[in-house]
Amino acid sequence: MLDPKLLRHDLDSVVAKLARKGVEFDVTTYKALETKRKSLQLDTEALQNKRKDGSKSVGLLMKEGKIAEAEQLKTEIAGIGDQLAAIETEFHEVQEGLDRLLMETPNLPDGSVPDGASEDDNVEVAVVGQKPVFGFAVRDHIEIGELFSGLDFDRAAQLSGSRFVTIHGAFARLHRALIQYMLDLHTEQHGYSETYVPLLVDGSVLEGTGQLPKFKDDLFRIAPEDGGGRERYLIPTAEVPLTNLVRDTIVDAASLPQQFVAHTPCFRAEAGSYGRDVRGMFRQHQFDKVELVWITHPDHSWDALESLRAHAEAVLTGLGLHYRVVDLCGGDLGFSASRTYDLEVWLPGQDQFREISSCSNCLDFQARRMQARFRNEQGKPELVHTLNGSGVAIGRCLIAVVENYQNEDGSITVPEVLKPYIKADLLTP
């Protein structure tokens, strides 16, 4: 959530920055609510002062023996209490309106973010490795999966509907190996604390990281059968529970940065139309991901973003995959992000780069929603900064490995870093 002080004192700047994200802030509604809030606050202060002065006057009148006048003034003071109660109710309604507006307003893009309206305007900042060269007709992951009987979309559709997959045999081993490789890499070499988290969370937890209320249609909701109790949501990413580990807390400044890694299934309704992505396992309702989250001191979050990006890149370089890094333009930034690097891996089956990781600095945007703080050198509570990134998406990484390491006979060469987990040099259909 944005700092309300920014809106009160520098509204024009906020509006201009949101426009870089392609967001038109509702200035008219905001100004009406803020004007009403200020008016009610002034009315409250005036009535409180009137009641305070009246109470003093009652005491003086009583001392002077003017009992009738004192009693009349007491009646007037009692009426002030009723007025204050009415104003408090109205003030609460106005404040709720302001809070709703703020909860649906995205984070501001950092000044370093490139201008642009869509992914076409993202800026390429690095290209790593070379495109593989094949002396045969390249297969995509669906065709390779058919050779191995490794991916079954029809069987999954019978179980759960479209955009699910069951993974079998060598493909399941490869899927598991990728998870273990990433967890070992991030815990043993990058200093992350491995964490197991719930897959079902309360709505307030999703509000903390910014998925609610704006993106409710993208979530799977679990409602209590009897209408009682709490409704919960399946997590769209482990970022949600990992970041919320520090909600409503004041963490020890000496413990910063805190780095968490978790492997989880992720669930997304993916309500939009995605064209060719509907084919295969590139965009599914359920997928696995290894997620990285940082909780940092505000002074160090930009350095943390570079480290986070390097850790996600290390997965791809370790696997020997060709990829590029793009700096997202304002119009392509996510709701909570102030700046984001996307890693896009080369997929020979699609003959293009495709996103496999997003690494974002959210500054204090999520922390304000969660009330996640630390004590600064003056001993005062201050909001932490939060960052998150995929380290990386397992299904998409599996696609990249089988397509980039395919052989003419349909076999798949096992990347060196995965051999200790798969215990084979070659996967053969």
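Let me start with strand 14, residues 372-375, which in this predicted model has a covered face made by Ala 372 and Phe 374 and an uncovered face made by Arg 373 and Arg 375. That pattern can be set beside a general point, namely that in a regular strand the side chains alternate between the two faces of the sheet.

Which strands does strand 14 pair with, and in what sense? Strand 8, residues 249-251, pairs with strand 14 in the parallel sense over three bridges, and within that pairing Val 251 stands opposite Phe 374. Strand 15, residues 381-383, is joined to strand 14 by three bridges and runs antiparallel to it, with Phe 374 standing opposite Glu 382. Strand 14 and strand 15 form a hairpin with five residues between them, and in the turn Gly 379 has a positive phi of about 80°.

Turning now to another sheet, we have three strands in the order 5-7-6, forming an open sheet with antiparallel pairing. Strand 5 (200-202) and strand 6 (221-222) each have a single partner strand and stand at the edges, so one side of each is left without a neighbour in the sheet. Strand 6 is joined to strand 7, residues 232-234, by two bridges, and here Arg 221 stands opposite Tyr 233.

The largest nonpolar core has 52 residues, and the members that touch the most others are Phe 171, Leu 174, Leu 178, Met 182, Leu 319, Leu 418 and Leu 427. Which helix gives this core its largest share? That is helix 7, residues 169-188, with ten residues. There is also a second, separate core of 22 residues, which includes Leu 98, Leu 101, Leu 108 and Phe 335.

Finally, I would like to come back to helix 7 and the way it meets helix 12, residues 394-404. The two axes come within 10 Å and cross at roughly 115°, and the crossing is right-handed. From helix 7, the residues involved are Phe 171, Leu 174, His 175, Leu 178, Ile 179 and Met 182, and they meet Ile 394, Cys 397, Leu 398, Val 401 and Val 402 in helix 12.

Note on methods:
Residues are numbered from 1 along each chain as its sequence is written. This is a predicted model: local features need pLDDT of at least 70, side-chain atom pairs count only at pLDDT 80 or more; totals for chains, interfaces and linings use all residues. Side-chain values use heavy atoms; hydrogens and water are left out. Two strands pair if DSSP finds at least two bridges between them. Helices (H or I, at least four residues) and strands (E, at least two) are DSSP runs, numbered from the N terminus. A nonpolar core is a set of buried Ala, Val, Leu, Ile, Met, Phe, Trp, Tyr and Cys residues joined through side-chain atoms within 4.5 Å. Buried means under 20% relative accessible area, exposed over 50%, partly exposed in between (1.4 Å probe, protein chains only). Axes are lines fitted to C-alpha atoms, for helices over the stretch in contact, and angles run from 0 to 180 degrees between N-to-C directions. A crossing is left-handed if the near helix is turned anticlockwise from the far one by less than a right angle, and right-handed if clockwise. Contact means heavy atoms within 4.5 Å.
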